[in-house]
Amino acid sequence: MMGAALSEARVCLEFGDVPVGAVVARGEEVLAAAGNGRERYRDPTAHAEILALRAACEAVGSWRLDGCALYVTLEPCSMCAGALVLARVNALVFGTPDRKAGFAGSLGNLVQDPRLNHSLEVVSGVLEAECAEVLRAFFRERR
């Protein structure tokens, strides 16, 4: 699944978007996949996770994504972490940490905050080197 998320991240390069990709799956079934679309859609909320969650909800016909996992190349920000909790996603699997904006362990841990009514299982570091390199290459080209 992380390989599919990486493929989505690479598509972002065509639009000048930061290459982050996300996949929502229920078991082995991919419900939705998306890449970051802030530049493409001129929308500050068009993060890969949000776009993938929206598409997955449409696919299952509900805002609840019980039994689902989100695979994403970069640790989610606070907005995306909150959306995962609200959507009742069971698990979050991410590639590389985001030390400046990540809210699944780096700056905070919204997805496992015991004060909330839902928490997620978190697995980090999946294909971390590959996920980090896609981002590093993107920012190297812009400097």
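1. Let me start with the rings: the count comes to one aromatic pair, taking rings of Phe, Tyr and Trp (its six-membered ring) as paired if their centres lie within 6.5 Å. The pair is formed by F138 and F139, and it is edge-to-face, with 5.0 Å centre to centre and 80° between the planes; planes under 30 degrees apart would count as stacked, over 60 as edge-to-face and the rest as tilted. F138 counts as buried because its relative accessibility is 4%, while F139 counts as partly exposed at 33%. Here buried means under 20% relative accessible area, exposed over 50%, and partly exposed in between (1.4 Å probe, protein chains only).

2. A word on the ground rules before going on. This is a predicted model, in which local features need pLDDT of at least 70 and side-chain atom pairs count only at pLDDT 80 or more, whereas totals for chains, interfaces and linings use all residues. Residues are numbered from 1 along each chain as its sequence is written, and side-chain values use heavy atoms, with hydrogens and water left out.

3. Next, the largest pocket, whose volume is about 550 Å³. A pocket is an open set of points on a 1 Å grid over the protein atoms alone, where a 1.4 Å probe fits, with protein on both sides within 12 Å along at least five of seven lines; lining residues have an atom within 4 Å of a point. Grid points are joined across faces, edges and corners, and the volume is the space filled by probe spheres set on the points. The lining holds 22 residues, and V18, L74, D98, L135 and F139 lie nearest the centre of the pocket. Two or more lining residues come from each of α3 (48-60) and α5 (128-142), and α5 gives the most, with four residues. Helices (H or I, at least four residues) and strands (E, at least two) are DSSP runs, numbered from the N terminus.

4. What is the make-up of the lining of the largest pocket in nonpolar, polar and charged residues? The lining divides into 11 nonpolar, three polar and eight charged residues. Ala, Val, Leu, Ile, Met, Phe, Trp, Tyr, Cys and Pro count as nonpolar, Asp, Glu, Lys and Arg as charged, and the others, Gly among them, as polar.

5. Helix α3 deserves a look of its own. Its 13 residues reach 18 Å from the first C-alpha to the last, close to the 18 Å expected at 1.5 Å a residue; the expected span is 1.5 Å times one less than the number of residues. Buried residues in α3 are A48, E49, I50, L51, A52, L53, A56 and C57. Their cover includes β1 (21-26), β2 (29-35), α2 (38-41), β3 (69-74) and α4 (78-86). Just after α3, G61 takes a positive phi of about 75°.

6. Two residues other than glycine also have a backbone worth checking. R42, in the loop between α2 and α3, has a positive phi near 50°; R42 counts as exposed because its relative accessibility is 74%. L127, in the loop between β5 (121-124) and α5, has a positive phi of about 50° although it is not a glycine. L127 counts as partly exposed, at 35% relative accessibility.

7. T73 and C131 can be read together. T73 sits in strand β3 and C131 in helix α5. T73 is buried at 1% relative accessibility, and C131 is buried at 1%. Not counting residues up to four places away in sequence, T73 touches M2, A5, L6, A9, P19, V20, G21, G95, T96 and C131, contact meaning heavy atoms within 4.5 Å. C131 and G21 are 110 residues apart in sequence, yet 9.3 Å apart in space, C-alpha to C-alpha.

8. V126 lies in the loop between β5 and α5 and is partly exposed, with a relative accessible area of 27%. Leaving out residues up to four places away in sequence, V126 touches M2, V93, F94, G95 and C131. E8, in helix α1 (residues 2-12), is partly exposed at 24%. Beyond its neighbours within four places in sequence, E8 is in contact with G21, A22, A33, A34 and G35.
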